Amino acid sequence: MTEIVPADPLARPTQRSQAKADRRAALLEAAAGKFAERGFNGVSIEDLGAAAGVSGPAVYRHFASKQAVLAALLVGVSENLLDGGAAVVREAADPAGALHGLIAFHVDFALTEADTIRVQDRDLDALAPEDRRAVRTLQRRYVDLWMSVLGELQPSLAADELRVRVQATFGLINSTPHSARVGAAHTADASVRPVLEGMAWAALTSR
């Protein structure tokens, strides 16, 4: 009887699986740009395929529908924000360092994911109900993460005020894609980042 050797979970992906992952990532990047430009309802599967350099039907090898593309984009970015924010907090030496780190992390998100922010602002309601709930749940957990850190710095603030400050800060930072066309972090105007970070810190910590 042939012995079945379990796959090594740490093994590097095969060339084929890596190519598939790269294609999926390219489709999501193309979707962010197209949805931001035209809106979810103004983009077809064929448009997404063409933007990513594949035929329209080839998109279905990666996503069951256009709505599934939107779900992967918005649920995925919410997961990345929560996971990335949690990592920032874990690595910080103290609450002040954690808050500075969270601000820098979120500013970087706003400067590099401008299209995704536009899509979420406009097309969140186009998600299926279960996907919309998933996004909302992840967003609440991300807000709670910030509230926990801010609460350590401002223990006199009630939960309602902590929440207002955090959500107002998100509004400030996330408004950047609507007020300035920014691209990758290394090409963004060097004056944008420090202004956003300084204003966010002031909004969160003012007494």
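In the predicted model, Ala134 is partly exposed, its relative accessible area being 29%. This residue lies in helix α6. Although Ala134 and Val75 are 59 residues apart along the chain, 6.8 Å separates their C-alpha atoms.

Helix α6, which spans residues 129–153, packs with helix α7, residues 159–174, at an angle of about 115°, and the two axes are 9 Å apart. The crossing of this pair is right-handed. On the α6 side, the contact is formed by Tyr142, Val143, Asp144, Trp146, Met147, Leu150 and Gly151. The α7 side contributes Ala159, Leu162, Arg163, Arg165, Val166, Thr169 and Phe170. Classified by residue type, the contact of α6 with α7 contains nine nonpolar, two polar and three charged residues.

A further packing arrangement involves α6 and α4, whose axes come within 8 Å and cross at roughly 145°. Here the crossing is left-handed. The residues of α4 that take part are Pro95, Ala96, Ala98, Leu99, Leu102, Ile103, Phe105 and His106, while α6 supplies Tyr142, Leu145, Trp146, Val149, Leu150, Glu152 and Leu153. By class, the contact of α4 with α6 comprises 13 nonpolar residues, one polar residue and one charged residue. Tyr142, Trp146 and Leu150 of α6 take part in the contact with α7 and also in that with α4.

His106 belongs to helix α4, which covers residues 95–112. Its relative accessibility is 2%, and His106 therefore counts as buried, the cut-off being under 20% relative accessible area. When residues up to four places away in sequence are not counted, His106 touches Leu81, Tyr142, Trp146, Phe170, Ile173 and Asn174. Of these neighbours, Tyr142 and Trp146 are among the α6 residues in contact with α4, whereas Phe170 is one of the α7 residues in contact with α6.

The buried set of α4 includes His106 together with Ala98, Leu99, Gly101, Leu102 and Ile103; Val107, Phe109, Ala110 and Leu111 of α4 are also buried.

Helix α1 extends over residues 15–38 and contains 24 residues. From its first C-alpha to its last, α1 reaches 34 Å, close to the 34 Å expected at 1.5 Å a residue. Its buried residues are Leu27, Leu28, Ala30, Ala31, Ala32, Lys34, Phe35 and Ala36. These buried residues pack against α2 (45–52), α3 (66–91) and α5 (114–123). Gly39 follows α1 and has a positive phi, near 85°.

For the protein chain as a whole, nine helices and zero strands are assigned, giving the pattern α-α-α-α-α-α-α-α-α along the sequence. The chain has 207 residues, of which 39% are buried. Of the contacts between residues at least 6 apart in sequence, 72% join residues at least 24 apart. The accessible surface of the chain amounts to about 11,700 Å², with 53% of this area belonging to carbon and sulfur atoms.

Terms used. Residues numbered from 1 in each chain as written. Predicted model: local features only at pLDDT ≥ 70, side-chain atom pairs only at ≥ 80, totals over all residues. Heavy atoms only, no water. Helix = DSSP H or I, 4+ residues; strand = E, 2+ residues; numbered from the N terminus. Expected span 1.5 Å × (residues − 1). Buried < 20%, exposed > 50% of the residue type's maximum accessible area, 1.4 Å probe, protein only. Contact = heavy atoms within 4.5 Å. Areas by Shrake-Rupley, 256 points an atom, 1.4 Å probe, with all protein chains shown as cover. Axes fitted to C-alpha atoms, helices over the stretch in contact; angles between N-to-C directions. Left-handed = near helix turned anticlockwise from the far one by under 90°. Nonpolar A, V, L, I, M, F, W, Y, C, P; charged D, E, K, R; others polar.
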